[in-house]
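Student: Please give me a close look at a single part of this model. I would like one connected account of how that part is put together and what surrounds it.

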Amino acid sequence: MSSDNPRLIVIHPSQLAGTVLSVGPGRWSLGRGHAADLRLDDPHLSALHAALSQTDGRTSVEDLGSRNGTLVNGEPVRRSQVLHDGDVVQFGMVRVRYEVPGGTGLVPSARPAQEQSVRFDVGRQAGSQINNVGRDQHNHYFQQRENFLREIAAARTRARQLIYLSLAMMFGGSLVSTVYVLRFLDYLPSVGRATKWSDVTGTLLSPVSLCALAVASVGNVLFWIALIMHIVAAARGRKVDIDPQHIWNAPTRRG
């Protein structure tokens with residue numbers, strides 16, 4: 001890869017310090033998994049932790065729903081963020097410095113003080129930790145993971161909407177049924193007192209009361225279905241970077 005490309009230089013932890021990741025044009029995934037374009041062997045990284053994109057000479061970073069997050073100069077990355085020369089990017093517990101060839105190399109004020117004494121051995125590259133081979137295959141894994149995360153997010157959204165609907169049905173149906181019965185038992189002042197048990201039974205079994213109770217019952221069933229859907233989707237999301245059944249977590253052979 002061209003030496004004119006921007007690069008990330010690892011400054012922490014010490015066992016990875018000095019590792020250089022060159023970022024060329026296009027989109028590159030970074031993580032500890034075998035499917036990552038830029039691979040760093042650190043347990044605090046997710047399999048596919050973040051993505052770096054270089055377009056029109058500008059490099060941006062984006063977190064990919066990682067467990068430990070991504071920060072730029074100490075600030076969490078919540079959406080795609082453009083990097084500038086000297087920025088310190090933190091992936092989980094791994095900190096790197098972004099450098100542009102010919103840049104000023106000025107360090108932002110938000111950079112942690114303890115990083116100033118770190119040695120920058122820019123000439124060293126660890127081939128076991130950098131993997132830029134087979135990008136078409138890696139990008140395919142990367143796209144699969146993004147699609148999977150979108151499916152999980154959509155499932156959780158549907159589950160939440162169903163929970164809201166079921167709660168509305170439960171409370172609405174119960175309220176209508178209760179108000180209807182209370183009116184006939186003279187707990188509301190607008191109607192005379194019902195004196196016979198047959199009147200009470202007839203009120204409870206009236207079409208309006210039965211329909212309201214049916215709506216509440218259906219809402220109760222939907223609530224438990226939606227709750228199970230939400231729990232399953234959340235569990236799938238937590239396992240996205242550890243479950244070996246996902247292709248991006250499976251070991252791959254390198255040529």
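Tutor: Two strands count as paired if DSSP finds at least two bridges between them. The strands themselves are DSSP runs of E with at least two residues, and helices are runs of H or I with at least four, all numbered from the N terminus. The model is predicted, so to speak of a local feature requires pLDDT of at least 70, side-chain atom pairs count only at pLDDT 80 or more, and totals for chains, interfaces and linings use all residues. Residues are numbered from 1 along each chain as its sequence is written, and side-chain values use heavy atoms, with hydrogens and water left out.

Six strands make it up, in the order 2-1-11-10-7-8, with antiparallel pairing. Strand 2 (20–22) and strand 8 (75–76) are the edges, each pairing on one side only.

Begin with strand 10. On one side, strand 10 is joined to strand 7 (residues 70–72) by three bridges, and the two run antiparallel. Across that pairing, F91 in strand 10 stands opposite T70. Strand 10 also pairs with strand 11 in the antiparallel sense, here over four bridges. In that pairing V89 faces V96 of strand 11.

In a regular strand the side chains alternate between the two faces of the sheet. Strand 10 is covered on both faces: V88 and Q90 on one side are buried, as are V89 and F91 on the other. Buried here means under 20% relative accessible area, exposed means over 50%, and partly exposed lies in between, using a 1.4 Å probe and protein chains only.

The turn comes next. Strands 10 and 11 form a hairpin with two residues between them, and G92 has a positive phi near 65° there. M93 is also in the loop between these strands. With a relative accessible area of 42%, M93 is partly exposed. Apart from neighbours within four places in sequence, M93 is in contact (heavy atoms within 4.5 Å) with H12, P13 and H44. The C-alpha atoms of M93 and N68 are 7.9 Å apart, although 25 residues separate the two along the chain.

L8 has L21 of strand 2 as its bridge partner. L8 also has contacts beyond its sequence neighbours within four places, including V20, L30, L52, F91 and V96.

In soluble globular proteins, nonpolar side chains tend to be buried together.

A salt bridge is a side-chain nitrogen of Lys or Arg within 4 Å of a carboxyl oxygen of Asp or Glu, and the count comes to three. R7 forms one with E99, the closest N and O atoms being 3.4 Å apart. Because R7 lies in strand 1 and E99 in strand 11, this pair ties together parts that are 92 residues apart in sequence. R7 is partly exposed, at 22% relative accessible area, whereas E99 counts as buried at 15%. E99 forms a salt bridge with R97 too, with a closest N to O distance of 3.8 Å. Both R97 and E99 are buried.

The side chains of R27 and E62 meet at 3.2 Å, N to O. R27 is in strand 3 and E62 in strand 6 (residues 58–63), so this pair links parts 35 residues apart in sequence. R27 is partly exposed, with a relative accessible area of 28%, and E62 is partly exposed at 26%.
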